[in-house]
Each structure stands twice: as C-alpha cells, then as structure tokens.
Amino acid sequence: MTMAESTLEAVFSYHNLVHAVAGAAGSVTAMTIFFPLETARTRLQIDETRRAQHTPEILAEIAREEGMESLYRGWFPVITSVCCSNFVYFYTFRCIRAVCVNTLRNKAALKDLVIGMVAGVINVLMTTPLWVVNMRLKLQGARFQTQHFREDKHPFYHGIWDALTRILRDEGVQGLWGGTMSSLVLVSNPAIHFMIYEAIKRYMNRFASGRELSGLQYFFCGAIAKMVATLITYPLQIVQSKLRYGKEEELQQYRNHLGRISAVIRHILQ
C-alpha cells in the first residue's frame, strides 16, 4: 500500500465517521436538554442592561415577558449549527490525528492541542455563517432592555435559508462571516478542552488496570475539561456573540477585526 493510499484510508475510515456522528449526536442531545440555559447565556451576553443578572431570574423574566416557548426560540437553527459544527470538528480532529500518528509521539498533550486548534480553524471557516444565522434567529422577537437593540432590530427572517440569503444580500459576505476573527481566536476553547480531556483520560487509564473507563468516568473527564476551557476563554465568547449579532454598519467604526475585539472587550470592562 502506497503512502497516499494509506493516508486516504486513515482519513476516510469508519472509525473517524463513528466519532464524528457520536460527537454530533451527543452535542445535539446536550444542547436540546439545556437549551433554556443557552437562551439565558445569550441574553446576558447581548442584552447588557438587563435587570436580571442570574440564570434563574433571567429564565423567569423571559418566560413571564415572552412566554415559556421563548426559552426554546431558535432551537432548530441552533441544533443545525451544533450538529454540523461538531461533526466537522470531530471528523477533522480524528482525521488529522490519524494522519499525524507518528508526529510528536512523546508529547501527547501538545499534539492534541495543535490538532485541536487546526480542526477548530477548519470548523470555524466552514460553519460561521450557520452560527451567525442561528444567533439572529434565536434573538428574533426578543424583548431587549438595551436601548439601541430595541430601536434598531434586524429584519424578520423566515428560517435558516431566508436568513442566509437576506444577510448575504443586505450585508454582504462579511455579514455572514461576522465574528470570524474572534471565533478563530476561540479555537483555543475546543483545543484546550480536548487537551485536558485526553490528559485526564490518560491519567485515569493508569489506574484502570487495563479496564475500559465507565460512561460516568468519561462524562466527568469531559465536564471538567469543558469547564476549564470555558473559564479560560469566556471573555472572548462574549465578544463573539456581540459581533455575530451586531449589524456590520454598527461595527464600521473599528478599522479591523482585532480593533473590534479590543473595543468590545474595553466596553465590557468599563
């Protein structure tokens, strides 16, 4: 078997497909169960003058003002984005890992970090338009307490395809890829997540005496890794949400993407 054939076999393997489908399915299930918390998180990040500042308060406030169904507003576009994004990420991660199996063999943590960041960049470039659309649809009809959001709202979109075509027509390509720079910086989140996850898993396997870890142990590995990665990168997630929701003309005062990110961070810290 030639090197090219070996590489193709490593990339288009059943093992990689199973990991990608499992990652996408798990992410969709988790997002569906905890979607009201995602709604609260988005409101707190975007609507900065909202009176309620804690999760139970904001959930109760949204349900009271907009109805219980508003807690699941935008569920389908978000699930679509999560499914596509995680499938691309997990498949790319496993492919690169399989191809680079002999690279940095003695530096497993560094290898996982680098592969995670490369997979994250590919994922961001491919799926950012879906995340921009789901942010718009999720906040469509929301009762903002921040004045400029109340006065200058986005047009009403009739689903994912309508939002994609209208954003492209009204705001151009840059509108669909809004927040790309902050998203590229945020590839460190899943990269850190995977690095910590694999490190914890390797540590636990030392004490497993050759036995497979239980589902609960895998769950705690993932939960701890995600918590650490989120704590490290959360300020950038706020920036990302603001750039994805904001219209392009509202952001023209900044000369470039890095200027936008630094300006939003300064505004958050004021």
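Which residues form one aromatic cluster? I looked this up first, keeping in mind that the model is predicted. Tyr89, Phe90 and Phe93 make up that cluster.

**Entry on the rings**

I learned that two aromatic rings are described by the distance of their centres and the angle of their planes. With that rule, I get six aromatic pairs. One of them joins phenylalanine 87 and tyrosine 91: the ring centres are 6.0 Å apart and the planes lie at 15°, so I noted this pair as stacked. These two residues sit about one helical turn apart, because they are four residues apart in helix H5 (residues 75–99). I checked their surroundings too. Phenylalanine 87 is partly exposed, at 30% relative accessibility, while tyrosine 91 is buried, at 18%. Tyrosine 89 and phenylalanine 90 also pair, but edge-to-face, with 6.0 Å from centre to centre and 90° between the planes. I found both tyrosine 89 and phenylalanine 90 buried.

**Entry on two packed helices**

Next I turned to helix H3 (residues 35–46) and helix H12 (residues 215–245), which pack at about 80° with axes 9 Å apart. That angle makes H3 roughly perpendicular to H12. On the H3 side I listed Arg41, Gln45 and Ile46, and their partners in H12 include Tyr234, Ile238 and Tyr245. I sorted the residues of this contact into four nonpolar, three polar and two charged.

**Entry on helix H8**

Last, I followed H8 (residues 160–171), whose 12 residues reach 16 Å from first to last C-alpha, close to the 16 Å expected. Its buried residues include Ile160, Leu164 and Glu171. Just after H8, I spotted glycine 172 with a positive phi of about 80°.

Technical notes: Residues numbered from 1 in each chain as written. Predicted model: local features only at pLDDT ≥ 70, side-chain atom pairs only at ≥ 80, totals over all residues. Heavy atoms only, no water. Axes fitted to C-alpha atoms, helices over the stretch in contact; angles between N-to-C directions. Parallel < 35°, antiparallel > 145°, perpendicular 65-115°, else oblique. Contact = heavy atoms within 4.5 Å. Nonpolar A, V, L, I, M, F, W, Y, C, P; charged D, E, K, R; others polar. Expected span 1.5 Å × (residues − 1). Buried < 20%, exposed > 50% of the residue type's maximum accessible area, 1.4 Å probe, protein only. Phe/Tyr/Trp six-rings, centres within 6.5 Å; stacked < 30°, edge-to-face > 60°.
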